[in-house]
Amino acid sequence: MTRMTRALALAGAMMVAGSAYAQPVKLGALTITSPWVRPTPPGAPSAAGYLNIVNHGSVTDRLVGATTPDAASVQVHEMSMTSNGVMKMRPVPGGLAIPPGKTVALAPGGYHLMIIGPTQEFKAGESVPVTLIFKHAGKVAVSFPVANGPAKPAGAMGAMPGMTMGAMPGKAPAKP
Amino acid sequence: MNRRIFMGAGVVAAAALVGVGEYLMISRTEPPTPLTGGVGGAFRLIDDNGKPFTNRDLLGKPAMIYFGYTFCPEVCPTTLTHMSAWLHALGPEAGKLRAVFVTIDPARDTAVKMKEYLSGFDPNIIGLTGTPAEIATIARDYKVYYKKVPIPGGSYTMDHSSFIYLMTAKGDLAGLIDYGEPDTKAMAAIRRLLRS
Ligand SMILES: [Cu+2]
């Protein structure tokens, strides 16, 4: 691939996102939906993974970590932007709380799985196997599609979900 | 609409620097009017081919300059993806604009690393790196805040300013593009810069 077509592939990959609809994954009182990993530029030393976690139970659980054979390590991070435009990224101390009756989103502009040292480039259309580790519910394997946004149910149209700050506005350039 | 923002001028990564805690107040107008002074200065870095690149190499064409790092999983690749899309949308006019990605993490972002990483983006984007002292100099002069923050496992992240600087062909600051700025607004600012 040339540099330009690569750039277009990165910018335009979101248009093909949504071809596969990941089934919700259940683990005890938790349901995991909409996992996705952002495509990585060549040689990128990190990647970001996103998902939603629903807690149907009556006690708070915690996402304390994750592992994948496709990277050196995974941490739970929070990204934030100060009012004067400084981007910060920090590990979430003690893990990310998943309160009962709530859905916690790991999404652009907020929490993410910080995938450190990918063993290869993550390309749109592939998937990354991740084992999520919860304090109470234990471990669960989830396949994270590589895409520029979460997959949608077949036939779903309209705006990309999770279009918070940090997500790609839907302005992918047309291919020449 | 006239917004005022404060840009952190305290470059705390290098203890030798003076001016920590100093703030530059930039008045932003829409459309942006050229702002005088305060940003920019002499620097000596290397590009992603390992060749010298100085402040003089920025002159003669307007430029958009972004400071970031390759270990950044979200904000930096998103910004570079947008910059690539804007350059593509400019078509032949893209040649009249310089696009620059300056690392604020020179310990990890060597010229070789920058070249590999930027191969995923528009070929017009020039990667710049240097010694920690050289990066500290350009960051200070552009009022870019950056700070190394250790994370478990022996690695680290970088807090950093996330603006894109729009600079005139003469090296004056013409405006800023915020992170997450809609493409239409960003493109309007870039087209105004090209006409300036
Ligand atoms: Cu992170």
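Q: Okay, which residue in β9(A) does A:S73 stand opposite?
A: A:S73 faces A:I116 there. Quick caveats: it's a predicted model, with local features needing pLDDT of at least 70, side-chain atom pairs counting only at pLDDT 80 or more, and totals for chains, interfaces and linings using all residues. Residues are numbered from 1 along each chain as its sequence is written, chains are lettered from A and ligands numbered from 1 in the order written, and side-chain values use heavy atoms, leaving out hydrogens and water.

Q: How many bridges join β5(A) to β9(A)?
A: Seven, and the strands run antiparallel. Strands are DSSP runs of E, at least two residues, numbered from the N terminus, and two of them pair if DSSP finds at least two bridges.

Q: Switching to the metal, what coordinates the copper ion?
A: A:H77 (ND1), A:M89 (SD), A:H112 (NE2) and A:M114 (SD), at 2.2 to 2.4 Å. Donors are N, O and S atoms within 2.8 Å of the metal (3.2 Å for Na, K and Ca); water is not among the atoms, so sites may look incomplete.

Q: Why is the arrangement tetrahedral?
A: Because the four donor atoms subtend angles of 99 to 118 degrees; for four donors, all angles must lie between 85 and 135 degrees.

Q: Are A:M89 and A:M114 buried or exposed?
A: Both are buried, meaning under 20% relative accessible area (1.4 Å probe, protein chains only).

Notes: Four donors count as tetrahedral if all angles lie between 85 and 135 degrees; four count as square planar and six as octahedral if opposite donors are over 155 degrees apart and all others between 65 and 115; anything else is irregular. Buried means under 20% relative accessible area, exposed over 50%, partly exposed in between (1.4 Å probe, protein chains only). Helices (H or I, at least four residues) and strands (E, at least two) are DSSP runs, numbered from the N terminus.
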